[in-house]
Every structure is written in structure tokens, then in C-alpha cells.
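User: Could you walk me through how some of the labels for this model were reached? I'd like to see the values set against the cut-offs.

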Amino acid sequence: MGEDIIAYCVKCKERRPMENPEPIYLPGNRPATRGRCPVCGSTLIKMGRTPAHDQLPDPPKDEYKLVIVESPAKARTVGKFLGKGYLVKASIGHVRDLLRSSLSVDVSNDFKPYYVVPKEKREVVKELQEAARGASEVYLATDPDREGEAIAWHIMEVAKIPRNKAKRVVFHEITKPAIEEAFAHPRSIDLNLVNAQQARRILDRLVGYMLSPLLWRKVRNRTSAGRVQSVALRLIVEREREIQNFVPQEYWSIKAELAKRTPEHPSFLAKLVSIDGKEVDLKSREDVEPILAELEKASYVVQGVKRGTRKKNPAPPFITSTLQQEASKQLGFTAKKTMLIAQQLYEGIPLGEEGPVGLITYMRTDSVHVAEEAQKEARRFIAERFGQELLPPKPPEYKTSAKVAQEAHEAIRPTSVYRTPESVAPYLNKDQLKLYELIWRRFLASQMVPAVYDTISVDILADSRYLFRAAGSSLRFPGFLVIYQEAKEDEAVSEEEEAMPIPPLEPDEPLDLVKLLPEQHFTQPPPRYTEASLVRTLEEYGIGRPSTYAPIISTLYARGYVKREGKRLVPTDIGFIVSDLLTQHFPDLINVGFTAEMEEDLDRIARGEKDWVKMLREFYGPFAQEVARAEEVIEKVELPVEETGLTCELCGSPMIVKWGRFGKFLACSNYPACRNTKPYLVKTGALCPLCGGDIVERKSRKGRTFYSCVNYPACSFSTWKRPVSTPCPSCGGLMVESGKNEARCLNCGETLTLEEEPM
């Protein structure tokens, strides 16, 4: 078969001629020659073409088609549906990005970005290059949004995939019909979407890399600024200032408990709404007392009765922001946790013999649109499970907010409503099941008829001067409420009128006064933001996009700008300082309207209506001037010393809180004479069941939060679940959180319902 092929034998450590050399093609159509070592029998492979290759046909051209997605979980699910002939690879997210060590943007050369492949991604990129070289076609099946479009473009660039070989496919759910439809209609990379994502990335890099060093020099290290992050912080700080500056105003209300003159009907409440035709405005007890004296002697007569009906429409199916809000209110999930679990449900969960299945549609969306096939399936299910009376005459249509202008997506919904929460429960963990059931119920309810209430409003006159009103409603037809009800923003809201039924009344009917109920009130400050209400506010202003809400909030926590008290977001001292400094010196940048306008510009770029370089140029000029001016005028901020109440065991000086590269730590105030330091530990308020020491919050090597005794390692107690300060009512043992508003005793297993935090 031609001349001998000489190859190096790894086992013999010598160059040997191959026995029976055979020319072959390795994956990727790479020529090589395979044979055996004549001494030890090991397989030898010599790379490169040999004369013997001339006797072989050309390498095969259509061995396989390559499909590239982001994650291994998604690759498994997609691969199951595509079957033989396809090789599915995962890029593990982004394959290249801007340098971390520098600005990595050439502002003098049309903002040309300098992208690099991170060290941890080099092996992945090499595998993609090899796989693409041997593939007849390459399908870029990354997520269906701007971020996914940009990842597809970056993969094509670094893997050196020819444009005539690359095909872009987009699907909003990982199911066989959706994938088949997507692969039947591939397209090319949409460079408008790529440029919109590049513009956002460069904008955020310019702001972060130019403002953050300024904050390091003027405030302290580990501070940062961000184009959207800093606006979110400003909202939280300004709300806190509103609360601090709020002056409560006293006011009074008067209710009358009234009864029919027939004893079989219960009494009911009516509220004083006007006096002599003017709205009630009672500021003090002195205003109330003369009115009470007159009302005690007054005669009460029904002036009019209005009966009617009221419809309550179902909420639209979830989009990213409403899913985060409702998961926070109903399940107690953070925005970050919600998105992590939703990603798992989207990419695919193994369902026994069925294999991995995507259970929900794409979870980063601002559209409430629902595919026609999904509506038809939902209507069949509703008719079978709940009856025809819960089906509207035609499928409801929901309008996406005019403020969002991204590419068309679907709402977040189950990929099949026939996969009920009960049927998939054995394959999901507790949190996955909770979120899936929330999405499933919300979508199904959105396709049902409204709930119908009977309403009644009764006007009652006392001595022809004082007008009382009683209003109430009762559920006549539950409609969508049979399956889903939204959580209230504030569970403390009282609805006495609905709670107390109104008896049948007729005009001119006299009533008896049972008693008067004067009540003192004080106006309340606006509530602090929760994660849910902050996301809703950002969305209403048109700030950020579905993929950015969770990272923004996580960054505010990580920088120490915000802490959680219950579910409320409270700015820290450093949060106040950074926000005030940025607001004072960068009033346009840290402005709701300006940030929203930039989001609209990014939408215009995505639609091909604006040039991305021009947009960056318009922003950068004034911004660079503001940064240079701020560098000159801002003086070093003297941060207040955070006392700990602890004493240094080495020199007796007070220990104070300092910030370092990895966050807070305790240090001796006598530095540099004394260099004693300790880790900063957050107390939970619970005591160790083994030694009585404080239980504190710690981080594992992988960043996971756990709780252990402050005397560790002398005391070995630890738990993954957060302890609560309330001892077990049965045995006095340590209770840990075991669910929403529930705790369980580690000693006897007793469960306890905790007092619920208002949203």
C-alpha cells in the first residue's frame, strides 16, 4: 500500500514503522494514517495526508449536521427531538466577551469592541471549531432574543463557520413541533439584533469602567456604578427619603352600624361620605364630637339602592417581570431564583421514559402573545376538565405594553397544558413544581371567562344632612377564579364592606342605629420597594429588559447598597452616599427618563431604524466631559465608622467594619499598629442548640449560604436551612425555615406557621 509510515509510539518511546498502515479520515474530515506498532502492538495514528490517501475517495461531505445551543441541558433536550444525523453541542453561554482588565472599546475608532475568548472557554471553542469543520451544515440554535442572536454571531466568528454554512434557527419552546418548524425555516443572523446587543454591552462597559474607578477613588473600593443599576438604586434611595421625611396627618372616619327593624336580618356597616353635600374632611376629635352628638339623635332612612354586576377579567399570561413579581408575592422567591428555576423548566426536565422535555416557553419575554395552537389546546383542556361554561366565545387577546418594542415573543406558558402539575410532580423538585404550577395555573386562567360579582350600593340619609354609604359584592360566578387568583400587593388591606353582607333594603325604609364607630387614622408613607414592586416600577418606566432585572437586584445586594428587611429593600449608608454622589454629578445619566430613552434607542437599532455607532457617539461625548469634570470637583468622601461593639483581643481597641476585596470584614481600629482582623458574621438571632452560641450566616467554597455556630470549629453545629429566633413551642428546640411562612423543629419535627411579612 505504498511506503512505510513512521510514527512515534508513546508506549515504546521510539519511532516505529506502522504495521498494515491504513489511511483514514477523523471527525472533521482530518486526514490521518492508522496502524499498529510492530513491537508492542499499540495503535499508532499519524496525522496528515500520506501517498496512500490518493487511492481513497474524497472524504465524506454529509456525515452530520451540527447544532449549537447554549447549555448542556438544552442540548440533551434538543438532541432527543432531532435524532440521528445531528450532532448537538453546547457553547456553555457566551464564547467571547470584552476584556475584564481594560475598557476593551476603542472609542476613537467607532467604538470598536475588542473581544477575547476567556481562558475557560478555549477548549469549548476548539471543540466547536472541530465539529463545525466536519459538518455539512451548522445550525445556531441559541436563545430567541438579542442576547441569543449575539451569542450565535460570536460562535460563528470564533468557530470560523462560513456564512453559507451557518443557519440561524429560533424556537420559543423546546418541543418536537416547535423544533421541526424552526429547522424548516432557518434564516441568517440578524445583524440589527446583534448590533443592538453590542450597543447595550458597550454602553454598560463605558458607564461601568468610567464611573466605577471614580467611585473607588472618591468613596471606597468594591463600589460600582451601572447604567440601569444606578437608576434602580436611586429609586430605592428616593423612596426611603420619602419615608424618612413623611409627616403623618391625622384624620377621622365615622361608620354607623345599622339594622333593619325586622330581627331576622343582621346589622351592617355604612360609612359617612358627605355632610350637606360636601365630602367628609375630619381632622381631629374636636371635629368629630359635635357630629357624633347629632348622629346619636338622628333618624336613618334608605335614600337609594343600586344593584348591578361587576366582571373581573383574568390577568394575561406571564411575562418575565410579572412572573418575577408573582413568584415573589406567592412563593417568596427572589428574582434571581425565579429566573434560575424558569431556565431549568425551559431547557428540559427528564420525565421518565419520555426523556428530557421543555416544560415552559422561553422565560425572557415582554410579550403576552399566545400561539394559536396553544390557545386551541387550552380550550380543549378547559372544556374537558372544567366544562364549557368556563370557555369564552373566542380565545381572549391580550395587548403587549406599547413601551416594549423588542422582537416578537410569546408569553411564558406551559408547552402543553395536558402536562398538569400533578403529572410532572414526581420528576420536579419542590421549587420547580411550585413555579411550574404557578405558570400553568396563570396561563390556563388567562384563557377562561371572567368572574362575575353581584354588587350593591346603598345610600342612607341621617336627618337629611349626613350621607352614609354601604357597598358590597358577592361572587355570583367564579369563572377563572376556580384555578387562579393573583396575590394582593398588601395582604393587610381590609375589605370590611365585602366581608359584611348587606341585607335586602328598599328606598325610604327606616333603619335603627345600633352604634357609631368613630376611628382615628394617620396617613401612611409610601411602602418600601420589594423586589416585585421594584421590577414592576422599572418595567413601567421602560428601564431595562427582561434579562436584566434579576442581575440588577443581585448587584445591589452584592455591592452592599441595599439590604433586605423581610421582603422590603432598604438602602444602606453606602447606598445613600453613592446614589447621592451620582445623582448630583451625573443628573442626566442617573435619570429615569434619560435611561428609558436609551432603551428606546436600543429598540430602534434592533429594528434597523438607528445606527448603533451614532447612538454611542451621541452618548459618549457629553458623558466623558461629565466624568472629567466630576474627577476635578468631587472630594474624597469620609465614610462613617461602623462600630461593632467588639474589642480587639490583642490590643483592647474597638473592632470596626472594613471593606476589602471580598466584602466586609472586622478590623482593629488601631491599624496599622495592630493588624488583627476577623471575618464579618451576620447573626440570625437564633442560638446554637449544642453550645448556646449565636448562629451566624456563612458562605461555602461554592458560594452557597449555610448557617453554623459562631464557635466553629470548636462547635460543629451547621444547617443549610435558615434558623428562626422563635423556639419550638413543644420542646424548645431550634426551628428552621421549611417553606413559605413555615418553620420546622430540628429536634421533634413540630411545624410552626410564622407571622407573614407584608409584601
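User: Why is Lys 89 called partly exposed?

Analyst: Lys 89 has a relative accessible area of 25%. Buried means under 20%, exposed over 50%, and partly exposed lies in between (1.4 Å probe, protein chains only), so Lys 89 counts as partly exposed. Bear in mind that this is a predicted model, where local features need pLDDT of at least 70 and side-chain atom pairs count only at pLDDT 80 or more, while totals for chains, interfaces and linings use all residues. Side-chain values use heavy atoms, without hydrogens and water, and residue numbers run from 1 along each chain as its sequence is written.

User: What makes the contact of Lys 89 and Glu 127 a salt bridge?

Analyst: The rule asks for a side-chain nitrogen of Lys or Arg within 4 Å of a carboxyl oxygen of Asp or Glu. Here N to O is 3.8 Å, so the pair qualifies. Glu 127, at 41% relative accessible area, is partly exposed.

User: How do you know that Arg 201 and Asp 97 form a salt bridge?

Analyst: Their closest N and O atoms are 3.2 Å apart. Arg 201, at 24%, is partly exposed, and Asp 97, at 27%, is too.

User: Which class do Glu 410 and Arg 413 fall into, buried or exposed?

Analyst: Both are buried, and their side chains meet in a salt bridge at 2.8 Å, N to O.

User: How many salt bridges does the rule give?

Analyst: The count comes to 52. Some share partners: Glu 597, Glu 600, Asp 601, Arg 604, Lys 610 and Glu 618 are joined into one network.
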